Amino acid sequence: MRIVITGAAGFIGSHLSETLLDRGHSVIGIDNLLTGDTANISHLFGRDFVFIKHDVTNFIHVEGPVDAVLHWASPASPIDYLELPIPTLKVGALGTHKALGLAKAKKARFVLASTSEVYGDPLEHPQKETYWGNVNPIGPRGVYDEAKRFAEAMTTAYRRFHGVDAKIVRIFNTYGPRMRLRDGRAVPAFMSQALEGTDVTIFGNGRQTRSFCYVSDLVDGIIRLMESSENDPINIGNPQEMTIEDIARMIIKLTGSKSQIVYRPLPEDDPKVRQPDITRARTLLKWEPKISLEEGLTRTLEYFRTKV
């Protein structure tokens, strides 16, 4: 297949590009490098990979046939979308529109990178795909949450009105190599602090929960969805739920750090719980995560030790 990936120089986009190349596909990566980094994809040059620096909120032109469009472009960490609220909204709306337009023009299948954030601070636990969410549209996180919710609505409209074979993956907390040290998410924040020997900062009392999926497991689930006939949203994530404090203590232990945990006020609208119900992924895609948390964190630490 000849596959276009927007946001290809980002954390997940780069792993997706690499895995698709490994599986024999041709990849055209598009990124404006607002939060992506060519260092994430430099090892792909020389393979069946083309990189185009482009802002996907503008018209996307790709020569020749395209079999699939995977729309991964978006700021995705709290630090990014709080600093870049309008670009976040624009890529969710205009960027999704342009990426869907490319898929429609090329008669290609389309996969939207959505997020567990569409569930907001959930009142249902664990979260099924049928849950509509509890989102504050005018809160500080609303720019990301609503951008993704709008992107899902746009994707569904293109499927219903234009007949685009469009799919939606709702991604839960993912970690692994190529995350930026200070992107505001728990695993890179805790790892960089522990490796530097500084205090490990937890926001809130640490009892809020997350479910962490290693990036190779996530990518496998995304590709299974791309290759499937499914069109309704599907959760991809690890259902093993743990507290933020537990993950911080595990990282401190794995690093052998002398760091101490300190607590800071919980940001507004920060979700108290997060756990995917992956029944649909298990039954429809025959997918479930394989990499244990300790193994995944160990692999990630190897990368972070080269960066700190």
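**Close-up 1. Helix 7 and helix 9 meet in this predicted model.** From helix 7, the residues Ile 247, Met 250, Ile 251, Leu 254 and Thr 255 take part. Their partners in helix 9 are Leu 293, Glu 294, Leu 297, Thr 298, Leu 301 and Arg 305. Helix 7 covers residues 244-255 and helix 9 covers residues 293-305; their axes come within 11 Å and cross at roughly 60°. Angles from 65 to 115 degrees would count as roughly perpendicular and those under 35 degrees as roughly parallel, so the two helices are oblique to each other. The crossing of helix 7 and helix 9 is right-handed.

**Close-up 2. Helix 1 is largely enclosed by the rest of the structure, because 10 of its 12 residues are buried.** The buried residues are Phe 11, Ile 12, Gly 13, Ser 14, His 15, Leu 16, Ser 17, Glu 18, Leu 20 and Leu 21. From its first C-alpha to its last, helix 1 reaches 17 Å, close to the 16 Å expected at 1.5 Å a residue. Just after the helix, Gly 24 has a positive phi of about 95°.

**Close-up 3. Ser 17 sits in helix 1 (residues 11-22).** Its relative accessibility is 0%, so Ser 17 counts as buried. Leaving aside neighbours within four places in sequence, Ser 17 is in contact with Ile 5, Ala 8, Val 27, Leu 44 and Phe 49.

**Close-up 4. The largest nonpolar core holds 57 residues.** Leu 16, Leu 20, Leu 70 and Trp 72 have the most contacts inside this core. Helix 6 (residues 215-227) gives the most to the core, with 7 residues. Beyond its neighbours within four places in sequence, Leu 20 is in contact with Ile 3, Ile 5, His 25, Val 27, Leu 70, Ile 223 and Met 226. Another core, of 23 residues, lies apart from the largest one and includes Val 56, Leu 100, Leu 112 and Met 154.

**Close-up 5. Helix 4 runs from residue 142 to residue 162.** Its 21 residues should span 30 Å at 1.5 Å a residue, and the end C-alpha atoms are 29 Å apart, which agrees. Among the buried residues of helix 4 are Gly 142, Val 143, Tyr 144, Ala 147, Ala 151, Met 154 and Tyr 158. Asp 145, Lys 148 and Glu 152 are also buried. The buried residues of this helix pack against helix 2 (78-83), helix 3 (85-106), strand 5 (109-115) and strand 6 (166-171). Gly 163 follows helix 4 and has a positive phi, near 75°.

Methods:
Residues are numbered from 1 along each chain as its sequence is written. This is a predicted model: local features need pLDDT of at least 70, side-chain atom pairs count only at pLDDT 80 or more; totals for chains, interfaces and linings use all residues. Side-chain values use heavy atoms; hydrogens and water are left out. A nonpolar core is a set of buried Ala, Val, Leu, Ile, Met, Phe, Trp, Tyr and Cys residues joined through side-chain atoms within 4.5 Å. Buried means under 20% relative accessible area, exposed over 50%, partly exposed in between (1.4 Å probe, protein chains only). Helices (H or I, at least four residues) and strands (E, at least two) are DSSP runs, numbered from the N terminus. Contact means heavy atoms within 4.5 Å. The expected span of a helix is 1.5 Å times one less than its number of residues. Axes are lines fitted to C-alpha atoms, for helices over the stretch in contact, and angles run from 0 to 180 degrees between N-to-C directions. Angles under 35 degrees count as roughly parallel, over 145 as roughly antiparallel, 65 to 115 as roughly perpendicular and the rest as oblique. A crossing is left-handed if the near helix is turned anticlockwise from the far one by less than a right angle, and right-handed if clockwise.
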